[in-house]
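Here is a short report on one protein model, taken topic by topic. Keep the sequence and the 3D view open while reading.

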Amino acid sequence: GVIKNNIETAKEYEKSLSGLAAILGTTKDNVGELSEQALHLGSTTVFTASEVVQLQTELAKLGYTTKDILNMAPSVLDFAQATGSSLADAASLTGAALRMFEKDTTNAQEFTDKMTAATTKSALSFSYLQNAMSTVSPVANSFGFKIEEVLALLGQLANAGFDASSAATATRNILL
């Protein structure tokens with residue numbers, strides 16, 4: 001049973017890695033650095049290597065390069081662990097937030113730290129943040145707001161009992 005389970009785990013990992021390579025437009029042989037990172041993080045954290053590949057895949061879907069993915073993965077992993085979200089969801093939100101605020105991947109740690117703080121110091125949950133950011137952030141950024149200002153505003157609205165959709169829509173409309 002143990003051997004069968006290990007074989008299934010290896011198959012799942014290889015399948016995930018092939019999917020990542022396809023999204024990056026390369027072959028599985030050319031994603032060695034990403035594979036090494038996934039295996040390392042999978043063996044040293046609570047997440048599996050396959051889950052790390054899912055994180056990498058979400059970032060690749062957003063158009064990030066191998067170098068960007070390698071830079072962002074550790075901070076996304078910490079963000080997911082702190083918020084209790086999946087690695088794929090944390091990667092998707094982090095990558096999108098960086099794009100919404102027109103920042104590069106060198107800001108990933110800063111963004112994940114701020115989003116983690118916002119979700120732990122207010123009624124703002126990960127799912128609330130995930131739902132509201134896509135509505136508010138692009139408009140807020142165009143008016144010169146920084147991510148910490150958006151997070152503080154969303155945190156206050158969450159504390160006041162507003163649901164994510166209403167808070168995000170109302171905030172966007174006020175800004176517009």
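## Largest pocket

The largest pocket holds about 160 Å³ of space. This is a predicted model. Residues that line the pocket include Phe-101, Lys-103, Asn-107, Glu-110, Phe-111 and Lys-114. Asn-141, Gly-144, Phe-145, Lys-146, Ile-147 and Glu-148 line it too.

Two elements each give two or more residues to this lining: helix 6 (108–120) and helix 8 (147–159). Helix 6 gives the most, with three residues.

## Helix 7

Helix 7 has 17 residues. From its first C-alpha to its last it reaches 24 Å, close to the 24 Å expected at 1.5 Å a residue. Even so, helix 7 bends by about 50° at Met-133. Just after the helix comes Gly-144, with a positive phi of about 90°. Gly-144 is also one of the residues lining the largest pocket.

## Nonpolar core

In soluble globular proteins, nonpolar side chains tend to be buried together. The largest nonpolar core in this model has 54 residues. Met-115, Tyr-128, Leu-129, Met-133, Ile-147 and Leu-154 touch the most other members. Helix 7 (residues 126–142) supplies the largest share of this core, eight residues.

Which residues does Tyr-128 contact, leaving aside neighbours within four places in sequence? They are Leu-154, Leu-157, Ala-158, Phe-162, Asp-163, Ala-164 and Ala-167. Met-133 is among the residues that touch the most other core members, and helix 7 bends at Met-133.

## Helix 4

Helix 4 (residues 66–83) has 18 residues. Its first and last C-alpha atoms are 25 Å apart, close to the 26 Å expected at 1.5 Å a residue. The helix bends by about 40° at Ala-73. A proline, Pro-74, follows within four residues.

Buried positions in helix 4 are Asp-68, Ile-69, Met-72, Ala-73, Ser-75, Val-76, Leu-77, Phe-79 and Ala-80. Ala-73, where the helix bends, is thus listed among them. Just after helix 4, Gly-84 takes a positive phi of about 75°.

Conventions. Residues numbered from 1 in each chain as written. Predicted model: local features only at pLDDT ≥ 70, side-chain atom pairs only at ≥ 80, totals over all residues. Heavy atoms only, no water. Core = buried A, V, L, I, M, F, W, Y, C linked by side-chain atoms within 4.5 Å. Buried < 20%, exposed > 50% of the residue type's maximum accessible area, 1.4 Å probe, protein only. Contact = heavy atoms within 4.5 Å. Expected span 1.5 Å × (residues − 1). Bend = angle between axes of the 7 residues up to and from the residue. 1 Å grid on protein atoms, 1.4 Å probe; cavity = no way out; pocket = protein on both sides within 12 Å on 5 of 7 lines; lining within 4 Å. Points joined across faces, edges and corners; volume = space filled by probe spheres on them.
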